[in-house]
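Here are some exercises to work through with the model open beside you. Try each task before reading its solution.

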Amino acid sequence: MFDIAAGYGHAANFLHPSNAYYGIDMNKHFVSYGRNRGKNLGLKSIFDPAAYRPSDIFLAIDIIHHLSAEKSKELFNLVFQHARKKVIIIDPAFVSIARKYGPIGALLGWFFRLLDNDGFTTIDRWMSEREY
């Protein structure tokens, strides 16, 4: 499994030991933390073609909403060039909060953006349902 924007490699904990795991992330603190706990991680940009290697499964958890539509397209062009079997995407779906809950939803959206600030990208807004 190849984990994109893997953080500290937590997803590896859910794999059977017979499965190979490799993840990349740009955050040196996350990568260092994961490596110190035995995770196979590389300190690399998700947009660097040299960072990729063929894999049966690619995993993208909690990354898409950090990217513009243009950057998402760039990322998935790389992913689909290297994915042999599957691409798994897991991303929060906060697209309807403001519309559904009005002012409270807008406040929740602001709070979630604050919590989700990873130090590398800033979320100015959540994607619309159409963009997702």
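**Exercise 1.** Find what covers the buried residues of helix 2.

*Solution.* Start with the elements: strand 1, strand 4 and strand 5 are included in this cover, with contact meaning heavy atoms within 4.5 Å. Helices (H or I, at least four residues) and strands (E, at least two) are DSSP runs, numbered from the N terminus. This is a predicted model, where local features need pLDDT of at least 70, side-chain atom pairs count only at pLDDT 80 or more, and totals for chains, interfaces and linings use all residues. Residues are numbered from 1 along each chain as its sequence is written, and side-chain values use heavy atoms, leaving out hydrogens and water.

**Exercise 2.** Which residues of helix 2 are buried, and which on its other side are exposed?

*Solution.* First, the buried set is Ser72, Leu75, Phe76, Leu78, Val79 and His82 (buried is under 20% relative accessible area, exposed over 50%, with a 1.4 Å probe and protein chains only). Seen down the axis, these buried residues fall within an arc of 155 degrees, so they line one face of helix 2; the arc is that of the directions from the helix axis to the C-beta atoms. Next, turn to the other side: Ala69, Glu70, Lys73, Phe80 and Gln81 are exposed there.

**Exercise 3.** Check the span of helix 2.

*Solution.* Take 1.5 Å times one less than the number of residues. For the 14 residues of helix 2 this should give 20 Å, and the end C-alpha atoms are 20 Å apart, which agrees.
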